[in-house]
Amino acid sequence: MATSFPLTDTTFSSPRHTTHYWQAGPAGGPLMFFLHGWPQIGLVWRAQVEAFASEGWHCIAPDMRGYGGSSAPLAPEVYTLEEIVDDMTELHDHLGASPAIWVGHDLGSPVVGALAAHHAERCRCVVFISVPYVPEGFALPNQLPLIDRELYPADQYPDGQWDYYHFYLSHFDQTVTDFDADIPATLAAIYRSGNPESVGKVYRSAIITRNGGWFGSAHHAPAVQPDPALWPSADFDTLVEAFRITGFRPGNSWYLNDNANIAYAYKAPDGGRLRQPVLFINGEFDGLCDITHNRFGEPMRGACQDLTVTSLPSGHWLPLERKAEVTEAMRSWLEMKAL
């Protein structure tokens with residue numbers, strides 16, 4: 001019979017950084033790390049953490065650098081992948097450093113990929129959700145050659161679905177101000193379930209520059225109710241309170257370090273090739289990152305020795321939209337790989 005473990009939170013501090021993290025499961029169980037992306041906190045993984053903890057895994061879901069209760073310095077240059085990977089290796093050492101399973105969603109995926117490439121001994125296997133591995137570094141210059149130019153002609157959409165990324169680089173202060181103007185509304189607007197009818201159509205992230213920002217001339221999010229199918233209401237409230245403290249500047253700063261992240265990727269052994277078992281969970285109607293309707297998965301396919309791809313009917317927020325299905329996809333893969 002599975003044992004239920006309550007989700008608890010604690011903090012680990014080193015001289016260089018403080019990481020707040022959520023955990024569940026037996027302290028002596030095998031380690032499984034869940035790394036969130038933008039704009040999230042560790043609670044995005046509640047469903048998966050509670051499920052795997054009940055099966056004997058010691059599950060760790062940190063608030064990443066710039067989020068929640070973790071350190072959120074102001075300087076954008078401290079949000080490089082190398083700094084964030086160092087945060088995770090310190091936390092891993094604190095928890096015993098036994099080889100772990102590392103799971104990443106959204107911008108958590110590039111962290112997992114970089115950690116697996118630079119510190120292979122720490123990784124039994126890796127799981128990328130929504131954002132595939134890019135061995136040359138997750139950076140705008142590396143995404144542009146992979147854009148579907150039938151859907152996004154270069155003369156109309158030079159940055160394709162990554163237009164929002166370009167807008168961050170060119171209008172950083174505005175993006176922060178617009179998101180911070182009404183934090184509950186911003187988060188409610190960002191977290192919407194995917195729509196299968198969006199497949200093959202221009203995604204909302206491709207027209208940010210054309211609209212003058214995510215929210216256009218209003219410069220604040222529209223008044224919408226949170227999507228109850230995604231965040232449990234109490235967790236959404238915790239998310240909102242976390243962003244009331246940090247604002248969006250630290251999290252958005254993750255996008256400002258392309259050159260440093262590319263240079264870091266090129267320092268990885270073996271060209272960043274991953275020899276651990278790798279699972280990629282794809283959202284079939286994720287207009288940003290789906291790998292079935294474009295070339296976005298090609299670098300990952302070339303760099304992973306043992307790759308399994310699973311697609312689920314979902315938009316971008318897979319851990320929230322398909323809570324049980326993501327858990328089952330991971331569970332069945334771990335059993336198949338005898339991990």
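**A guided reading of the fold**

Glutamate 50 and arginine 46 both belong to helix H1 (residues 46-53), where they are four residues apart, about one turn of the helix. Helices (H or I, at least four residues) and strands (E, at least two) are here DSSP runs, numbered from the N terminus. The model is a predicted one, in which local features need pLDDT of at least 70 and side-chain atom pairs count only at pLDDT 80 or more, while totals for chains, interfaces and linings use all residues. Residues are numbered from 1 along each chain as its sequence is written, and side-chain values use heavy atoms, with hydrogens and water left out.

An α-helix has 3.6 residues a turn, so residues three or four places apart point the same way. Glutamate 50 and arginine 46 form a salt bridge, with their closest N and O atoms 2.9 Å apart. A salt bridge is defined as a side-chain nitrogen of Lys or Arg within 4 Å of a carboxyl oxygen of Asp or Glu. Arginine 46 also forms a salt bridge with aspartate 235, and here the closest N and O atoms are 2.7 Å apart. This second pair links distant parts of the chain, since aspartate 235 lies in helix H9 (residues 233-246) and arginine 46 in H1, 189 residues apart.

Residues are called buried under 20% relative accessible area, exposed over 50%, and partly exposed in between (1.4 Å probe, protein chains only). Aspartate 235 has 4% relative accessibility and therefore counts as buried. Glutamate 50, at 32%, is partly exposed, and arginine 46, at 26%, is partly exposed as well.

Further salt bridges occur elsewhere in the chain. Glutamate 298 and arginine 295 meet in one, at 3.2 Å from N to O. Arg16, Arg65, Glu83, Asp87 and Glu90 are linked in a network of salt bridges. The count for the model comes to 17 salt bridges.

The strands may be considered next. Strands of a sheet pair through backbone hydrogen bonds, either parallel or antiparallel. In this model two strands are said to pair if DSSP finds at least two bridges between them. Eight strands make up an open sheet in the order S1-S2-S4-S3-S5-S6-S7-S8, with mixed pairing. S1 and strand S8 (304-312) stand at the edges with a single partner strand each, so one side of each has no neighbour in the sheet. On average, neighbouring strands of this sheet are turned by 20 degrees against each other, direction ignored.

At one end of this order, strand S1 (residues 8-13) pairs with S2 in the antiparallel sense over six bridges. A hairpin of four residues joins S1 to S2. Six of the seven residues of strand S2 (residues 18-24) are buried, so the strand is largely enclosed by the rest of the structure. S2 also pairs with strand S4 (residues 58-62), in the antiparallel sense and over four bridges. Tyrosine 21 in S2 stands opposite threonine 10, and its bridge partner in S4 is proline 62. Strand S3 (residues 31-35) and S4 run parallel and are joined by three bridges; phenylalanine 33 has isoleucine 60 of S4 as its bridge partner.

Helices also pack against the sheet and against one another. Axes are lines fitted to C-alpha atoms, for helices over the stretch in contact, and angles run from 0 to 180 degrees between N-to-C directions. Helix H14 (residues 323-336) lies across S3, S5, S6, S7 and S8, and runs at about 155 degrees to S7. Helices H5 and H6 (residues 172-180) pack at an angle of about 105 degrees, their axes being 5 Å apart. They are therefore roughly perpendicular to each other, a term given to angles of 65 to 115 degrees, whereas those under 35 count as roughly parallel, those over 145 as roughly antiparallel and the rest as oblique. Phe167, Tyr168 and Ser170 in H5 meet Phe172, Gln174, Thr175 and Phe179 in H6, contact meaning heavy atoms within 4.5 Å.

In helix H11 (residues 258-265), the residues Asp258, Asn261, Ile262, Tyr264 and Ala265 are buried. Seen down the axis of H11, its buried residues fall within an arc of 160 degrees, so they line one face of the helix; the arc is that of the directions from the helix axis to the C-beta atoms. These buried residues pack against helices H2 (81-94), H3 (108-118), H4 (140-143) and H5 (163-170).
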